[in-house]
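Biologist: Can you put the model up? I'd like to talk through the ligand site and a few backbone details.

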Amino acid sequence: MKKNNIGWNFDNSYLNLPEMMASKLSPVPVKDPKIVLYNQRLAKELGLDFSSLSKEELASIFSGNVLPEGTTPWAEAYAGHQFGHFVMLGDGRAIVLGEHMTPDKKRFDIQLKGSGITPYSRSGDGRAALGPMLRECIISDAIHYLKIPTTRSLAVVSTGQNVMRETILPGAILTRVAASHIRVGTFEFVAAQKDINALQELIMYCIDRHYPELKGEKIPALQLFRAVMNKHADLIVNYMRVGFIHGVLNTDNVTISGESIDYGPCAFMDAYDPKTKFSSIDHKGRYAYGNQANIAQWNMARFAETLIPMVDVDIDKAIEILEKEIGVFAKIYAEKSLAMMRGKLGIEGEIEEDNLLIEELLTWMKNNKADYTNTFRAITNQDFGAIYQNKEFESWLKKFESRNPNRDKMRQYNPTIIPRNHKVEEALEATNTNNLQPLHELLKALESPYAENKEFSSYQDPALETKTPYQTFCGT
Ligand code: AMP
Ligand code: MG
């Protein structure tokens, strides 16, 4: 196979970490891999060129049947708090092919998800189903073009093998591209081993890889904590801005890089309601839309706990220092959130009443079941449908207009197109009969979410009301 001109440039720094952190192994070959999706634009951004390869050759690379030269694949060990409970986990169905260095010296993990059993598979089959992998492609693309840091999806192949879930489903492998796959759960894994040297190594590794500006700081653990906490405050603010509900913000799904990762039961909200949740297993709304900031703070507290021995030799003092740091989260988040909402309303100067103006609008939206995305777009474009023709809204609008909003700014904060749940379902359903057209059209529409594009106006309508609310499943 003509493999040399693809542009792979592997430099697997993760394998220099203590041995317990990864298991070297190859993906389990699959029977009949076929390429379903391939993101050529992303390949180009990574400095990769697969154009000399046939479809069959592409499929064998993205299924893991053929390994690129210069790499020793591995599965990563990690732990995590899932719905509040500590568990030992690890890549149970994923393998990092290697760290690819782009021509502009950026480092990305190239990971196969659904690549077969690993030492961390527990009772799982190590595989993934086609629908959920395509769903991850759709959502990660949407999040990326909404200008939110995220892992990306380079390709999906079907494996020619079935997986057993509630029903029999076609199997698939997703190629995921990430700044790294290091999670809060990775720190929890190392902390659980009570290996201080390994913890120190991991901290320095993360600083080197993700926060090089922190090199040489006096207490690296503390600086790293602050940096990660800030990134996650930003990430949640971005989720809130576009109405995104991740759905499973367990600590093993919280990256140290600050990228959004693991698109399982996630979905976008239509009508504004902070209690919105879609996941079939999130009975108490732990990961509901309006609870995401609280959960991020909770997750950061779990991260802080792992760092205690590296903050001060006096444990009590270390705890005191870290508690203070976590305590700042609410303030940092509130400031970022207010700035974001001012952005959505195009407000430039800051006055105290802005908080009230924002609150009043959100309350009105909730009481009137107004669509979150379309309401901000209506306000931006001064183009109001029937639902807005009422006294309460009109009086709010008067106050709002007196703030002389900057509508160009509003257009940068408020998307026109989000992956509406019914559109995602429609696209996925069509793939069951090998019709990829709706999927490709959806992906195209999601590429410019802030534009007013007549061609894509059908993607703006919320779903018709149904008797049963939309539900998402973990899809493992
Ligand atoms: P997730 O819900 O995707 O964040 O996964 C949580 C944990 O379960 C991770 O350790 C996964 O590797 C593992 N896992 C999920 N699905 C499977 C599967 N089909 N086989 C083995 N492990 C799995
Ligand atoms: Mg996960």
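Modeller: We'll take the ligand first, then a helix, a hairpin and some loops. This is a predicted model: local features need pLDDT of at least 70, side-chain atom pairs count only at pLDDT 80 or more, and totals for chains, interfaces and linings use all residues. Residues are numbered from 1 along each chain as its sequence is written, chains are lettered from A and ligands numbered from 1 in the order in which they are written, and side-chain values use heavy atoms, without hydrogens or water.

Biologist: OK. How many residues surround ligand 1?

Modeller: 18 residues do, with a heavy atom within 4 Å of the ligand. The closest are Gly-90, Gly-92, Asp-125, Gly-126 and Asp-262.

Biologist: How does that shell divide?

Modeller: 2 nonpolar, 8 polar and 8 charged. Here Ala, Val, Leu, Ile, Met, Phe, Trp, Tyr, Cys and Pro count as nonpolar, Asp, Glu, Lys and Arg as charged, and the others, Gly among them, as polar.

Biologist: Which polar side-chain atom lies 2.9 Å from a ligand 1 nitrogen?

Modeller: One from Asp-125. Arg-122 has a polar side-chain atom 3.0 Å from a ligand oxygen. An N or O atom in the Arg-93 side chain is 3.2 Å from a ligand nitrogen. The cut-off for such pairs of N or O atoms is 3.5 Å.

Biologist: And how much of ligand 1 does the protein cover?

Modeller: 86% of the 480 Å² of accessible area that the ligand has on its own. That uses the Shrake-Rupley method with a 1.4 Å probe.

Biologist: What do the buried ones pack against?

Modeller: Strands 4 and 5 are among the partners, as are helices 5, 6 and 7. Contact means heavy atoms within 4.5 Å.

Biologist: How do strand 4 and strand 5 pair?

Modeller: Antiparallel, over 4 bridges; pairing needs at least two DSSP bridges. They form a hairpin with 2 residues between them.

Biologist: What's the phi of Phe-83 in that turn?

Modeller: Positive, about 50 degrees. Phe-83 is partly exposed, at 26% relative accessible area.

Biologist: And Asp-262: buried or exposed?

Modeller: Buried, at 18%. Its phi is also positive, near 65 degrees. Asp-262 sits in the loop between strand 11 and strand 12.

Conventions:
A polar contact is a pair of N or O atoms within 3.5 Å; within protein, one must be able to donate a hydrogen and the other to accept it, and residues adjacent in sequence count only if both atoms are side-chain atoms. Buried means under 20% relative accessible area, exposed over 50%, partly exposed in between (1.4 Å probe, protein chains only).
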